[in-house]
Amino acid sequence: MSKAKRLILILGDQLDLQSAALRDFSLETDVIIMIESANEAQYVWSHKAKIALFLSAMRHFAKALQDLKYPLIYIKESNLSITDALREFIQKNGPQQLVCIEPGEYRLKIAIEKMAQELGLHLDMREDNHFYCTHQEFAQWVANKKELRLEYFYRLMRKTHRILVDADGNPEGGQWNFDQDNRKPYSKKGPGIIDKPLSFAHDAITKEVLDYVGKTYAEHPGSLNAFDWPVTREQALEALDYFVEYRLRNFGVYQDAMWTDTPFGWHSILSSSMNLKLLNPREVVDAVLRAWKKYSLDLSTVEGFIRQILGWREFVRGMYYLDMPQMAKDNHYKHINKLPSWYWSGKTDMACMKDAIGQTLQYGYAHHIQRLMVTGNFALLAEVLPSEVCDWYLAIYVDAIEWVELPNTAGMALFANGGRFTSKPYIASGAYIKRMSNYCNDCKYKPDVRFGESACPVTTLYWNFLIKHRDQFEASPRTRLMTANLKRISDEDQKEITIHAKKILNNLDAI
Ligand SMILES: Cc1cc2nc3c(=O)[nH]c(=O)nc-3n(C[C@H](O)[C@H](O)[C@H](O)COP(=O)(O)OP(=O)(O)OC[C@H]3O[C@@H](n4cnc5c(N)ncnc54)[C@H](O)[C@@H]3O)c2cc1C
Ligand code: SF4
């Protein structure tokens, strides 16, 4: 190492040989460093599968680098934080420059910048090339906008990248958005046969990691029994091929549907591969466009899927870097409740929460509507402190990295930033969960009962939330309609709802 002038840092979610950090790599002057840091697994109480996925993918990537004869320092199982391990290494070996990609967590970005400054080290922090939209382009789009809304940003992305537009820049199929075709529940009889996601046998590296994580992080939440995530680029590409061939066709229509023991539905399960950079989103979008023609898929499913990646994924990333560090502090409703303890165990009588959290603990996965309208909706209605909720999401999902987790949780699910990029809070009563799933069929509670012993806690807290914030909702044309149904509930019943809600809120652990 003594000869190396440039140290190239590769973080656990930057595992791509085409990474901008390696674009001018020189065997003469450069060496790569990768660090396994226990701190990263512990600063939130991470799911075992999330720790295992990162470690296995990192070790596989290190092997790929070594096979290609890149000089690599791999620090295994360090008890230090990434920056402390880095500082120690730099102080011993004295490189003149540190090259890295902007971390996906603001905290780490600031820590690396601070460390480099303290050490008087030249830092070349490059923008991640795994996104369609650069920070500069996003800032340009934001400038002079009165309202920051996904829809307009998404249209711009479609036009700029010429995706699903005709030669004149008009949307394919005559409309930008087919969302109204994509919100169906499964049939009353259930989802029928769903092609299972692809499975990946554990090789020696993954087996070693699973063993290590099982022992070292035994107290952490979640299970390793169902660990089946792509851990290499080759596996991620296989998962992508499989998805577009077998599962994409039904993605759109059942995107919002939920059913017990159906953890993945028709979803792609590609987020962890994209977030670790085993896959580039451009490859995913291109594969979907090819499949559209090859398998004569509905435009609505293709557009619906592409909107998630070209639209939402890019949009929340832009918002994260624009609004941090404020985004992590926002608490629009001034909520202060603790997260119910059963978020970590799934031990609750609420069938919807039990299922969504149960599968989360098993796989480290739940699909978007489960995250938004089951666990997220409840946390908002239960008035939980946003930072507690965000820490849970960051810890518990294998695809959770703060740039994507925080805007989704704080911004979208909890309305913690007061609607900076959403028009109204995403809240729903048990009636929505009943419509979109079979959860209520075997639940102790009744979705349409608003107060009393058998009342559904989601329903009680939903009406309580509307009663509490009625004036605020009625003051804005964007939310005025939300309280319209309150008029059908008598004053007496509204009082009962408030009393029952108070009981629930005072003892959230008990439901
Ligand atoms: C409260 C909450 C927390 C979330 N936390 C995360 C997170 O930590 N990491 C994460 O990747 N996604 C997060 N999401 C977004 C979304 O739920 C997941 O991307 C999706 O469930 C991953 O499963 P999938 O790959 O099967 O996605 P699919 O449903 O198959 O969608 C395809 C892809 O679109 C992208 N996508 C879809 N919705 C979003 C979105 N809202 N924001 C960004 N990308 C999106 C993902 O890359 C996903 O892989 C969160 C959503 C909510 C409501
Ligand atoms: S009745 Fe309420 S708590 Fe039970 S599953 Fe339905 S929505 Fe969830």
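**An aromatic residue and its surroundings**

Tutor: Phe305 has a relative accessible area of 4% and is therefore buried (under 20%, with exposed over 50% and partly exposed in between, using a 1.4 Å probe and the protein chains only). The model is predicted, so local features need pLDDT of at least 70 and side-chain atom pairs count only at pLDDT 80 or more, while totals for chains, interfaces and linings use all residues. Residues are numbered from 1 along each chain as written, chains are lettered from A and ligands numbered from 1 in the order written, and side-chain values use heavy atoms, without hydrogens and water.

Let us turn to the rings. The structure contains 32 aromatic pairs (Phe, Tyr or six-membered Trp rings with centres within 6.5 Å; planes under 30 degrees apart are stacked, over 60 edge-to-face, the rest tilted). One of them joins Phe243 to Phe251 edge-to-face, with 6.4 Å between the centres and 90° between the planes. Phe243 is buried, at a relative accessible area of 1%, and Phe251 is also buried, at 4% relative accessibility. Phe251 forms a further edge-to-face pair with Phe305, at 5.0 Å centre to centre and with 80° between the planes. Phe251 belongs to the loop between α8 (233-247) and α9 (271-275), whereas Phe305 belongs to helix α11 (residues 299-323), so this pair ties together parts that are 54 residues apart in sequence (helices are DSSP runs of H or I with at least four residues, strands runs of E with at least two, numbered from the N terminus).

Elsewhere, ring pairs connect Phe138, Trp141, Phe153, Trp312, Phe315 and Phe421 into a cluster. Arg317 is placed over the face of Phe131, 4.1 Å from the ring centre (NZ of Lys or CZ of Arg within 6 Å of the centre and within 35 degrees of the ring normal). Likewise, the charged end of Lys293 sits over the ring of Trp292, at 3.9 Å from its centre.

Helix α11 also leads us to the ligand. Helices α9, α11, α13 (368-381) and α15 (402-413) each contribute at least two residues to the shell around ligand 1. In total, 29 residues surround ligand 1, and the closest are His267, Ser268, Ile269, Asn275 and Tyr365 (a heavy atom within 4 Å). By class, this shell comprises 16 nonpolar, nine polar and four charged residues. A backbone N or O atom of Ile269 is 2.7 Å from an oxygen atom of ligand 1, and a backbone N or O atom of Ser271 is 3.0 Å from an oxygen atom of ligand 1. A polar side-chain atom of Gln308 lies 3.4 Å from a nitrogen atom of ligand 1. On its own, ligand 1 has 810 Å² of accessible area, and the protein covers 99% of that area (Shrake-Rupley method, 1.4 Å probe).

Finally, consider two of the elements already named. In helix α15 we find Thr409, which is buried at 4% relative accessibility. Thr409 and Cys390 are 19 residues apart in sequence, yet their C-alpha atoms are 6.0 Å apart in space. The loop between α8 and α9 holds Asp261, whose phi is positive, near 55°, although Asp261 is a residue other than glycine. Asp261 is exposed, with 71% relative accessibility, whereas Phe251 is buried.

Notes. A polar contact is a pair of N or O atoms within 3.5 Å; within protein, one must be able to donate a hydrogen and the other to accept it, and residues adjacent in sequence count only if both atoms are side-chain atoms. Ala, Val, Leu, Ile, Met, Phe, Trp, Tyr, Cys and Pro count as nonpolar, Asp, Glu, Lys and Arg as charged, and the others, Gly among them, as polar.
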